Amino acid sequence: MTHWSDAYLSEPSAYDEMHVEGGTVRVPYERVNEFLKKYTTGAFREKEKMAGNLFLNRGITFTVYSEKEGIERIFPFDIIPRIITASEWAVIEAGIKQRLKALNLFLKDIYHNRQILNDGVIPAALIASCPHYTRDVYGIRVPHDIYVHISGIDLIRDADGTFYVLEDNLRTPSGVSYMLENREITKRIFPDLIATSKVRSISDYPLLLHKVLSAVAPRDMNNPTVVLMTPGIYNSAYYEHTFLAKYMGIELVEGRDLVVQNDRVYMKSTSGLKQVDVIYRRVDDDFLDPLVFRPDSTLGVAGLLNVCRKGNVSIVNAVGNGVADDKAVYRYVPKMIEYYLNETPILKNVPTYSMENEEERAHVISNISKMVVKKTNESGGYGLLMGDKASDAEIAETITAISENPRNFIAQPIITLSTAPCFIDNKLQARHVDLRPYALCGPGGVEIVPGGLTRVALREGSKVVNSSQGGGSKDTWIVNDTSFTGSI
Amino acid sequence: MLARTADNLYWMSRYMERADVILRTLSNGFYASYDINDYQLFNWNSIVKIFCYLPEEALEAVSANSDNVLRQLLIHDENNSLKELVTKARENARGTQEHLTKEVWEAINETYHSTISIDIETAISSGEQLNILLKQIDESLIYYGVFENTMPRGQGWNFMNLGRFIERSIQTLNFTEAKFLSLDQKDPESIHILYWKNLLLNLSGYELYLKTYRGGDHSEHIIDMIFLNSAFPRSIAYTLHKICLYIQKILRENDNHNNPQIERKTGMLHAKIAYTDLEEIRRKGVQAFIGELKSDLHQLSQLIGQSFFSYY
């Protein structure tokens, strides 16, 4: 009799993480495949239900704004882990470290000497027209010249399994708490599988983060006061903010808890004002300081940027980072790596067409069904057109919008993201995934916990993995190549 | 500690305490309403009035039927219902999760989920009302157990306990006031213990009462038990003692210009119970004494708010 997990069908055009063509199981997944065989669909569904309850009872929920009913939802979790081998991981790790080194140098350069523009490597007009380029931070020195302390660089795999960088998230990337909680849930539901798989640990992430935050304090002191600043409980990532504050042992503050006096930031405590040295803010630049950015913002602190300019507080990540993860600037990252480091990029970029370049634009428009068109200043999967799925009307609309403001868009050939096995509707089904490893950059260099958040496009055929667009996640295991021998 | 955090913890704790009282009261009320006797004259009216504001007619309509009382006090969207209280408590907890232990947060979160999923109509049609209440009481007990066993004895603990005992003393005063109000002018000595039984049950003090007081004038014993008996965890003597204790701890840890005023106010309130006796309370009149204590508590909690929670 065939087992339910034998009916797994992967998409022929995509790289499947578990199967090679013809249905043979790849070595790293043999243990998982064997493990699935121990369960009936009913028993496996019970595991899934148990995971759902654990998320709900722990209050691990997020908010979707476009939906009316209820504000809280569980982030869909697929219980089958995604496996990445240590040798694959080594490439990812080296590639991300290299990229972040270059991006940090770029941010320092762009807000100081602008050498890269003077040398004509990146067109100055592109930077000047970037909405996230922030003149207000020009000339501000940040501790240790670190701008990108916390990043989440999105990786995808092409049809041949090569990793590409899809996007650099250098402002306030979220999801790291899901990476950590997913692992905790897996430990609860599949203790036997994880025990025998020798998965690298990720659990010290909050401590590493705290180390980085303390190290960038502007004052030379042993125990700087570090706080995490949240927009509040209605933010979709609020759970993550509480999670990180709790496991770093720091205060979780809102803008209204802080006040600026005498060029210093203080928090309002039960015994009066207490000076704050480092703010890990999860509030966007636009809302951070109503005196400099949006005057209607109630989430920020009036005068905060000035305190930063005076060198009395460190803001993490630095203000103005958006210029480096702009989707139009993205295509120049390989050039930055060559320019600043004189190295060949380890991780490839997805080919990106500029809509300001007439030739490239014409190419994109005539091949639009093979293209994904993205707005340069949006994230979270908003403002995205998938050429193969969009209606004629949507395409026409986008083409008009492009010709009106070409700087606002870029296009990339649609990459067939790799697929991984998921348990959906009692069947084992292939779904597209990406990978967001979380890197921390402190004075001692870049550290990446071995793992990351695998995001899954749960709808069949979909390649949009963002949680705001119905995506889910998986626990992601980095497993030593040597540990694939022996059975469960 | 952040002023906002202290505020959230204080109110979270008050809401949880009030939710606990509502549940206890409802389940006792259900038991009592099955018992018909000459003394008790059980009615929901005075109980509903303690927890929510309803126009006279609506109050009558709700109080006439036990199931309506449940609908009103358990699952109504607002008006101080269990659902509203637990939702608010959780909202406060969510805003300060990093100051709660994981266990306390999970206990509140689970209480919230089980409260909002109460299916009252099914329970009513299958006669399961009491089971629903008992299940929620269990959740509440788990919360208190986890709170007691896992929370570090720091600032958060102090503010949470302050909220808890202020709420508790206010509830004790409210219940006692209602009971004395409906006591008509008949000779107090002729009133049977069953008249007081429900009050004592709501305050979880019936067993202690039976063990402590024998014979004599029940209404006198009740005054002693409720105001002066420091072995009774819901008495005014006990709760005021706790309030003073936690206020002193809070004052020690927070240097605030209002400290001397708070200290004085707390001391005076404490003295009102510590240096009084049955005779004096009777002379003042129970209603008047309750009114005085309530107003003192109100002023004290306002002062605490101004001193420690002002962050806007």
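**Figure 1. Secondary structure and overall dimensions of chain A.** Chain A contains 14 helices and 23 strands; helices (H or I, at least four residues) and strands (E, at least two) are DSSP runs, numbered from the N terminus. This is a predicted model, in which local features need pLDDT of at least 70 and side-chain atom pairs count only at pLDDT 80 or more, whereas totals for chains, interfaces and linings use all residues. Residues are numbered from 1 along each chain as its sequence is written, and chains are lettered from A and ligands numbered from 1 in the order in which they are written. The C-alpha trace of chain A spans about 75 × 60 × 50 Å along its principal axes. For 488 residues, a compact globule would have a radius of gyration near 23 Å, and chain A agrees with this at 23 Å. The radius of gyration is taken over C-alpha atoms, and the globule rule is 2.2 Å times the number of residues to the power 0.38.

**Figure 2. An open four-stranded sheet in chain A.** The strand order is β7-β6-β11-β12 (chain A), and the pairing is parallel; two strands pair if DSSP finds at least two bridges between them. Strands β7 (251-253) and β12 (314-316) of chain A are at the edges with a single partner strand each, so one side of each has no neighbour in the sheet. On average, neighbouring strands of this sheet are turned by 30° against each other, direction ignored. Three bridges join β11 (residues 278-281) of chain A to β12(A) in the parallel sense. Within this region, V278(A) is opposite S314(A) of β12(A).

**Figure 3. Helices lying across the sheet of chain A.** Helix α8 (residues 205-215) of chain A lies across β6 (226-229), β11 and β12 of chain A, and runs at about 110° to β6(A). Helix α9 (residues 238-248) of chain A lies across β6 and β7 of chain A, at about 150° to β7(A). Axes are lines fitted to C-alpha atoms, for helices over the stretch in contact, and angles run from 0 to 180 degrees between N-to-C directions. Two residues are in contact if their C-beta atoms, placed from the backbone, lie within 7 Å.

**Figure 4. The interface between chain A and chain B.** Contacts link 20 residues of chain A with 23 residues of chain B. On the side of chain A that touches chain B, the elements giving two or more residues are α2 (41-57), α9, β7 and β9 (264-269) of chain A. This side of chain A comprises six nonpolar, seven polar and seven charged residues. Ala, Val, Leu, Ile, Met, Phe, Trp, Tyr, Cys and Pro count as nonpolar, Asp, Glu, Lys and Arg as charged, and the others, Gly among them, as polar. The model scores ipTM 0.79 and pTM 0.87.

**Figure 5. The two domains of chain B.** Chain B is divided into domain 1 (1-151) and domain 2 (153-312), with bounds from an automatic or database domain assignment. Their C-alpha centres are 21 Å apart. The contact takes 25 residues from domain 1 of chain B and 27 residues from domain 2 of chain B. On the side of domain 1 of chain B that touches domain 2 of chain B, α1 (3-33) and α2 (45-51) of chain B each give two or more residues. The most come from α1(B), with 16 residues.
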